[in-house]
Amino acid sequence: MPLANTDIYDDTADLTKRIERYWDTRSEDFASVRRRELTGANARLWRELLTEHLPHEQKLKILDIGTGAGFFAVLLAQAGHEVTGIDMSEKMLAQAQKNLSLFGCRAVLRKMNAQATEFADEAFDAVISRNLTWTLPDVMAAYREWRRILKPQGMLLNFDADRGEATFIKKDDKNDVHANIRQELIRECNDIKDRLRISTHRRPTWDAAYLAGLGFAVQYDDDVAQRVCRDENLRFDDAPLFGIYARKT
């Protein structure tokens, strides 16, 4: 179970560095999974879902927060949008650049904190993230920041899962997306997760309520995995992947 709230922020700076080191270490195998996904059935399904929920102007200025290995950056650049991707992991950004080059795409990549970006107010038409918010020390600060940098009527798309009560274990299935993770990294991931405040909230209802309180018009889907995770050669964990679609009002 997650730690009590009084234990969560004993050393936020140290926790942030641990998170960054963890994803640096995971960058190579994580990027390999994303490349497999970009060349399989899921890429088209994700592209269709994003198109449904993004504004319909011909070209959008989009920020991919926690871009990781650049999965969304590639899809959105292929669709003709102006994409900026940020991440706290230098090694993830290097993998994102490799993937952009591999797929013949261009995007601006910058090392930056998702909870306190360096962008001007109302800089983007859309902000998007996947599997990020469950890893952040302060999701409330992140949501406030993302609202600040969105233009009026801009869209926030967040795809994540409620992992607070989950315990990650080593997988033997070679098609599992976590099959290559070493046991010590699994222990580190569980320990970090249990120290995060977001792990004490039930999602996505908590996210939807908080975003509504910030002035977003919010819709959400409890489980989008059945729609976008259809590649039989990639098996994801059991926590339902939710989709939040929030318009800045």
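Trainee: Is arginine 130 buried or exposed?
Mentor: In this predicted model, arginine 130 is buried, because its relative accessible area is 8% and the cut-off for buried is under 20%.

Trainee: Which strand is arginine 130 found in?
Mentor: Arginine 130 sits in strand S4, which covers residues 124-130.

Trainee: OK, and which side chain does arginine 130 join in a polar contact?
Mentor: That would be glutamate 37: the two side chains are joined by a polar contact of 3.1 Å.

Trainee: What else is arginine 130 in contact with, leaving aside its neighbours within four places in sequence?
Mentor: Besides Glu37, the list has Arg34, Trp46, Phe71, Phe72, Phe159 and Phe236.

Trainee: Let's switch to alanine 116. Where is its place?
Mentor: Look in the loop between strand S3 (108-111) and S4.

Trainee: What separates the C-alpha atoms of alanine 116 and leucine 15?
Mentor: They are 16 Å from each other, while the two residues are 101 residues apart along the chain.

Trainee: New topic: helix H7. How many residues does it have?
Mentor: Helix H7 has 12, residues 183-194. From first C-alpha to last, H7 reaches 17 Å, close to the 16 Å expected.

Trainee: Which residues of H7 are buried?
Mentor: Leu185, Ile186, Cys189, Asn190, Ile192, Lys193 and Asp194.

Trainee: And what do those buried residues pack against?
Mentor: They pack against helix H2, residues 12-38.

Terms used: Residues are numbered from 1 along each chain as its sequence is written. This is a predicted model: local features need pLDDT of at least 70, side-chain atom pairs count only at pLDDT 80 or more; totals for chains, interfaces and linings use all residues. Side-chain values use heavy atoms; hydrogens and water are left out. Helices (H or I, at least four residues) and strands (E, at least two) are DSSP runs, numbered from the N terminus. The expected span of a helix is 1.5 Å times one less than its number of residues. Buried means under 20% relative accessible area, exposed over 50%, partly exposed in between (1.4 Å probe, protein chains only). Contact means heavy atoms within 4.5 Å. A polar contact is a pair of N or O atoms within 3.5 Å; within protein, one must be able to donate a hydrogen and the other to accept it, and residues adjacent in sequence count only if both atoms are side-chain atoms.
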